[in-house]
Amino acid sequence: MLFSAIVWDPSKGIDLGFFMIRYYSMMYLVAFVLGWYIMRKFFKNENISEEKLDPLFIYAVLGTLIGARLGHVFFYQTELLWEDPLSVVLPFSFKNGFEFTGFQGLASHGAAIGIITAMYFYSKKHLKKNILFILDRIVIPVAIGGVFIRIGNFINSEIIGKPTNSDYGVIFKQLGETFPRHPAQLYEAGCYIIVFIILWFTYWKTDKKEKTGFIFGLFLVMLWTVRLLIEVVKEAQVVGRDAWALNTGQLLSIPFILLGLYFILRPKKNDSY
């Protein structure tokens, strides 16, 4: 036996008795705080006032969470719109009585749309620069933030991989299973580390940040190609879609990859206001 399966059965968080601090929520907090420090470094390097960081943080948090939640509902759980509409915008379920559930469904494709939308309004109101300027920079902390989100998914035993049909893999005990699956969340997290390193190197060691939109395009191509490939070993997140040639995550990734290629390959031009 070359590999031995790992039995994964962590707690969901730190139980304080009256309240539980969930590790998944902590991963989001780490991602946002780390992102703030990375953007602070970029702003300092480019002589942009730190006063513009606070509104950036607020726009990024709201854009990410609202976009991720709405993305999940529209792409994966549309029935909530008519079965339990208040749960779309509130961390409660009213379907079978009143229950605090937290926001259990967050989609990365929705988060991407939310961040892009938020950065448009932030750039227009606070930065007074083309939206691509901020997108070229914010995608770098987004990439490393994705690492922590996928670790959070792993802790929650969600977005699971397919059975390995071997001794290799992870047995998600909380799902009541006794067979190993691909730790797809960790595959994705590892790839996002590589994406972050490449983007970080591109910003600091090359002149590509002078070509507006290039780093943003590079991010789109790399991150969503990772998603496109890793989805092969993931279980379909919606019942009935497992028979599709490409699952929902893969179909949604293709437009982002094409958009990224456009920004990478387009001629350099002046995009300033």
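Predicted model: local features only at pLDDT ≥ 70, side-chain atom pairs only at ≥ 80, totals over all residues.
Let's start inside. The largest nonpolar core has 48 residues, and the members that touch the most others are Phe 43, Leu 56, Met 119 and Leu 199. Seven helices put in at least two residues each: helix 1 (23-45), helix 2, helix 5 (108-127), helix 6 (131-155), helix 7 (184-205), helix 8 (214-230) and helix 9 (248-265). Helix 8 is the biggest giver here, with twelve residues.

Setting aside residues up to four places away in sequence, Phe 43 touches Ile 48, Ser 49, Lys 52, Leu 53, Leu 56, Tyr 122, Leu 127 and Ile 134. One of those contacts, Leu 56, is itself on the list of core members that touch the most others. There's also a second, separate core of six residues, which includes Tyr 24, Ala 31, Phe 32 and Ile 149.

Now follow helix 5. Its buried residues are His 109, Gly 110, Ala 111, Ala 112, Gly 114, Ile 115, Ala 118, Met 119, Tyr 122, Ser 123 and Leu 127. And what do they pack against? The buried residues of helix 5 meet helix 1, helix 2, helix 6, helix 8 and helix 9. Just past the end of helix 5, have a look at Lys 128, which takes a positive phi of about 60°.

Next, the rings. The structure holds 17 aromatic pairs. Take Tyr 28 and Phe 32: their pair is tilted, with 6.1 Å centre to centre and 40° between the planes. Both sit in helix 1, four residues apart, or about one turn of the helix. An α-helix has 3.6 residues a turn, so residues three or four places apart point the same way. Tyr 28 counts as buried because its relative accessibility is 13%, under the 20% cut-off. Phe 32, with a relative accessible area of 17%, is buried too.

Phe 154 and Phe 172 make an edge-to-face pair, 5.9 Å centre to centre with 75° between the planes. This pair links distant parts of the chain, 18 residues apart, with Phe 154 in helix 6 and Phe 172 in strand 6 (residues 170-172). Phe 154 is buried at 8% relative accessibility, and Phe 172 is buried at 0%.

Leaving out neighbours within four places in sequence, Glu 188 is in contact with Arg 150, Val 226, Arg 227, Ile 230 and Lys 234. Glu 188 also lies 9.3 Å from Leu 223, C-alpha to C-alpha, though the two are 35 residues apart in sequence.

Phe 57, Ile 58, Leu 62, Ile 66, Leu 70, Phe 74 and Leu 81 make a nonpolar patch of about 620 Å². Helix 2 (residues 53-76) supplies the largest share, six residues. Leu 81 comes from helix 3 (residues 80-83).

Key. Residues numbered from 1 in each chain as written. Heavy atoms only, no water. Patch = residues over 30% accessible without salt bridge, like charges linked within 9 Å, V, L, I, M, F, W, Y side chains within 5 Å. Areas by Shrake-Rupley, 256 points an atom, 1.4 Å probe, with all protein chains shown as cover. Salt bridge = Lys/Arg side-chain N within 4 Å of Asp/Glu carboxyl O. Core = buried A, V, L, I, M, F, W, Y, C linked by side-chain atoms within 4.5 Å. Buried < 20%, exposed > 50% of the residue type's maximum accessible area, 1.4 Å probe, protein only. Contact = heavy atoms within 4.5 Å. Phe/Tyr/Trp six-rings, centres within 6.5 Å; stacked < 30°, edge-to-face > 60°.
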